[in-house]
Amino acid sequence: MPYSYHSHSGQFCHHGHGQLERVVQEAIRKGFKKYGLSEHMPRLEFSHMYPEEIQANCTPDTLATTFEDFFKEARRLQWVYKDQIELLVAAETEFISTDYADQLRLLRNCFNIDYVVGSLHHVQAISIDFSPELYEIALEKAGDGSLVKLFKNYFDEQFDMLSETRPEVVGHFDLIRIFAVTEQADIALHDPEVWERIVRNIKYVVDYGGLFEINSRAWKKGLLEPYPQQDIVKTIQQQGGRFVLSDDCHGPHDVGMDYDKLQTYLKQCNIHTIYYLTLRDRAIVIEKHEDIHEDPFWENMKDWE
């Protein structure tokens with residue numbers, strides 16, 4: 001019963017599509033037994049808005065209302081479908097400034113969030129994953145035109161996010177690869193100063209007990225490997241890290257996206273045990289699923305339309 005702990009819908013995310021309930025229904029149809037409903041925490045300043053949100057006349061206040069609406073709907077769905085699937089409700093971090101750590105603590109307390117997906121989508125307050133054009137701006141302003149410097153800044157800001165928020169799940173660990181030329185990204189990733197930051201961040205997550213998602217959405221973006229790529233996966237394994245699975249869906253059609261490739265990738269990386277989050281006595285606990293490739297879920301994927 002492979003899992004996913006990172007998802008969105010068009011109902012509550014402007015770059016998503018479809019209704020959240022349809023995401024849940026599709027997850028049930030495809031055989032998921034545990035599925036995480038996550039949504040971006042609201043951004044705090046107008047200057048942090050994505051272009052699509054500006055076009056939709058969003059404000060920090062409307063984004064806060066949207067997150068509250070998401071949480072209410074996710075909890076409703078969690079109850080309605082409890083006999084068919086275990087749904088968990090999460091927030092995905094923004095960390096454009098340290099103010100977001102304080103805001104996340106408030107969200108945890110106010111909404112009793114089941115878990116947090118710790119992601120970094122900006123470097124020096126510039127979006128890196130919205131478009132190639134913004135990525136180039138980040139490269140010039142945050143990296144002075146150097147991919148190595150951009151990567152160093154990304155992993156430094158990621159470390160700050162991890163230290164301040166200690167998320168249960170680390171989202172798309174090496175998202176910074178998203179719009180870089182593959183060969184150039186590989187060179188930058190293995191630069192000694194970049195790599196020491198990667199190892200530092202991995203060790204920190206392992207020490208506090210966090211989980212690393214293997215995120216299949218990278219293939220939709222045209223990357224050759226999911227997040228994280230194989231050398232990072234090997235380092236996580238060497239440090240004793242644990243993995244969860246995520247489709248990072250942005251609507252019903254994305255549920256379980258590229259999970260056929262994901263199974264192949266798990267085998268290539270010699271990953272046979274996957275961890276998952278579940279509620280027990282109203283508290284989140286981490287369980288492990290050994291011999292993951294023996295699960296009938298993978299064989300049943302051939303019946304998906």
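Is D102 buried, exposed or partly exposed? With a relative accessible area of 41%, D102 is partly exposed. The model described here is predicted.

Strand β2 covers residues 86-92 and runs parallel to β3, with three bridges joining the two. Within this part of the sheet, E92 stands opposite V117 of β3. Between β2 and β3 the chain passes through helix α4 (residues 99-111), and this β-α-β crossover is right-handed.

Strand β3 spans residues 115-118. Y115 and V117 point one way from the strand, while V116 and G118 point the other way. All four of these residues are buried.

Strand β3 also pairs with β6, in the parallel sense and over two bridges. Here V117 stands opposite V169 of β6. Strand β6 (residues 169-170) is in turn joined by two bridges to β7 (residues 211-215), and these strands run parallel. The bridge partner of V170 in β7 is F212.

## Salt bridges

There are 23 salt bridges in the structure. One of them links R75 and D114, whose closest N and O atoms are 2.9 Å apart. R75 belongs to helix α3 and D114 to the loop between α4 and β3, so the pair ties together parts that are 39 residues apart in sequence. R75 is partly exposed, at 22% relative accessibility, whereas D114 is buried, with a relative accessible area of 11%.

Another salt bridge joins the side chains of R105 and D102, at 2.6 Å from N to O. Both residues lie in helix α4; because they are three residues apart there, about one helical turn separates them. R105 is partly exposed, its relative accessible area being 37%, and D102 is partly exposed at 41%. K302 and E299 also meet through their side chains in a salt bridge, with an N to O distance of 3.1 Å. K302 is exposed, with a relative accessible area of 57%.

## Around T62

T62 is a residue of helix α3, which covers residues 60-80. Its relative accessible area is 33%, so T62 is partly exposed. A polar atom of the T62 side chain lies 2.8 Å from the backbone nitrogen of T59. T62 and P42 are 20 residues apart in sequence, and their C-alpha atoms are 8.7 Å apart in space.

## Cysteines

How many disulfides does a search of the whole structure find? The search finds zero disulfides. C110 is exposed, with a relative accessible area of 63%. C269, in contrast, counts as buried at 7% relative accessibility.

## Backbone exceptions

Most residues other than glycine have a negative phi, and most peptide bonds are trans. Some residues of this model depart from that pattern, as described next.

N57 is not a glycine, yet has a positive phi of about 60 degrees. This residue is found in the loop between α2 (51-55) and α3. At 63% relative accessibility, N57 is exposed. D144 is likewise not a glycine and has a positive phi, of about 50 degrees. The loop that holds D144 lies between α5 (132-143) and α6 (147-165). D144 counts as exposed, at 54% relative accessibility.

Which residues does a cis peptide bond join? The bond joins Y227 and P228, and omega is about -10 degrees. P228 lies in the loop between α9 (217-220) and α10 (230-238).

Definitions and conventions:
Residues numbered from 1 in each chain as written. Predicted model: local features only at pLDDT ≥ 70, side-chain atom pairs only at ≥ 80, totals over all residues. Heavy atoms only, no water. Pairing = 2+ DSSP bridges. Helix = DSSP H or I, 4+ residues; strand = E, 2+ residues; numbered from the N terminus. Disulfide = S-S within 2.5 Å. Buried < 20%, exposed > 50% of the residue type's maximum accessible area, 1.4 Å probe, protein only. Right-handed = clockwise from strand over helix to strand, strands pointing away. Polar contact = N/O pair within 3.5 Å; in protein donor to acceptor, adjacent residues only side chain to side chain. Salt bridge = Lys/Arg side-chain N within 4 Å of Asp/Glu carboxyl O.
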